[in-house]
Amino acid sequence: MSRRLLWLSIPFREPFTTAAGAVKARDLVVLRVEEPDGAFGYGEAAPFEPYDGVSLADVADVLRERTTPTDFAQVQAADEMAFLDLEGRRLGMPAVELGSPTVAVNFTLAGGTPEHVAISAAAARADGYHCFKLKVGLADDEARVAAARDAIGPDALLRLDANGAWAPADAVRRIERLAAYDLEFVEQPCLTLEDLAAVRRACSVRVAADESVQSAADMQAAARAEACDVVSVKLAPMGGISEARRAIEAARTAGIEPYVSSTLDGPWGIAAGLQLASAEEVSLHCGLATLALFEGAIGSVLPAPNEGSMVVPTGPGLGVDVPEETIAEVLVQEL
């Protein structure tokens, strides 16, 4: 089997701002495997250091040297994704058995000014989005939440994501104040499961876990701690589709609602996330409509959301084909 490793750097249309800072480009390592018979598959290693503390260079080194075993879930995710894509292409089937043909998705509002948030939210609402996620943990949170709610109207769903920016007491105070804007839930208000549990006990708004749940075992720990009402499941930090499915099963067993999100993944990761959400019949809006945040052709290799839903790629494999010239536009180097 031959292998290629491609280091990509995909620019954002505008800097993506969260409580952790602003990011101008999303770097990924893409793994391409090919069998002697010509069957091939793509996998995506998508660490995001501001989110998971894992550097792309470290993951790239492991993928290049094939150090085994590895503690990097992102390497496991790339390997599994490439294998499932290859086998699906060989058999003419999707990477997983699919359920729903579409997945409801939220529109992500980064940490811009209230005016910018309002403009982006209004445009997305006009495009048919019904659910919005606003990044918080910044100085002017209430003004931006108010701007978002005013722009999307009273009927749309509004969820907030603090990326662990608040201490528990501060989180409770802020959430109770922002509850007046009719929130669906607040994602990761604090960093640890213990702190999430404390906030959940004190607040009337539902709490979601994200950064603190990176595996099925973490999901079980969150359930024991009664840390959350809903949970974000992401392929890259969990190690791929199989581990993500185990996490979803653990969440549902505990009465916790799952939804699938991306760590600002590339098209291969988004395609895999859509297939996962379809296979698991996820009903909450998923955080998978992020390709449009990217500049260039790579942001449009999958069909754009329509009326707040995305069509699930039906295969073969992951069901996404990225032209070589599109990859070349964002290629930093072949490792």
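What volume does the largest pocket have? About 650 Å³, in this predicted model.

**View 1. The largest pocket and the residues at its centre.** The largest pocket has a volume of about 650 Å³. Its lining counts 33 residues. Arg13, Phe107, Thr108, Ala292 and Leu293 lie nearest the centre of the largest pocket.

**View 2. Elements around the largest pocket.** β1 gives the most, with 6 residues.

View 3. The lining of the largest pocket holds 20 nonpolar residues. Another 10 are polar, and 3 are charged.

**View 4. The second largest pocket and the residues at its centre.** The second largest pocket holds about 360 Å³ of space. It is lined by 25 residues. Nearest the centre of the second largest pocket lie Thr18, Phe48, Tyr51, Lys135 and Asn163.

**View 5. Elements around the second largest pocket.** β1, β2 (21-34), α1 (49-52) and β6 (131-135) each give two or more residues to the lining of the second largest pocket. β2 supplies the largest share, 3 residues.

Conventions: Residues are numbered from 1 along each chain as its sequence is written. This is a predicted model: local features need pLDDT of at least 70, side-chain atom pairs count only at pLDDT 80 or more; totals for chains, interfaces and linings use all residues. Side-chain values use heavy atoms; hydrogens and water are left out. On a 1 Å grid over the protein atoms alone, a cavity is a set of points where a 1.4 Å probe fits but cannot get out, and a pocket is an open set with protein on both sides within 12 Å along at least five of seven lines; lining residues have an atom within 4 Å of a point. Grid points are joined across faces, edges and corners, and a volume is the space filled by probe spheres set on the points. Helices (H or I, at least four residues) and strands (E, at least two) are DSSP runs, numbered from the N terminus. Ala, Val, Leu, Ile, Met, Phe, Trp, Tyr, Cys and Pro count as nonpolar, Asp, Glu, Lys and Arg as charged, and the others, Gly among them, as polar.
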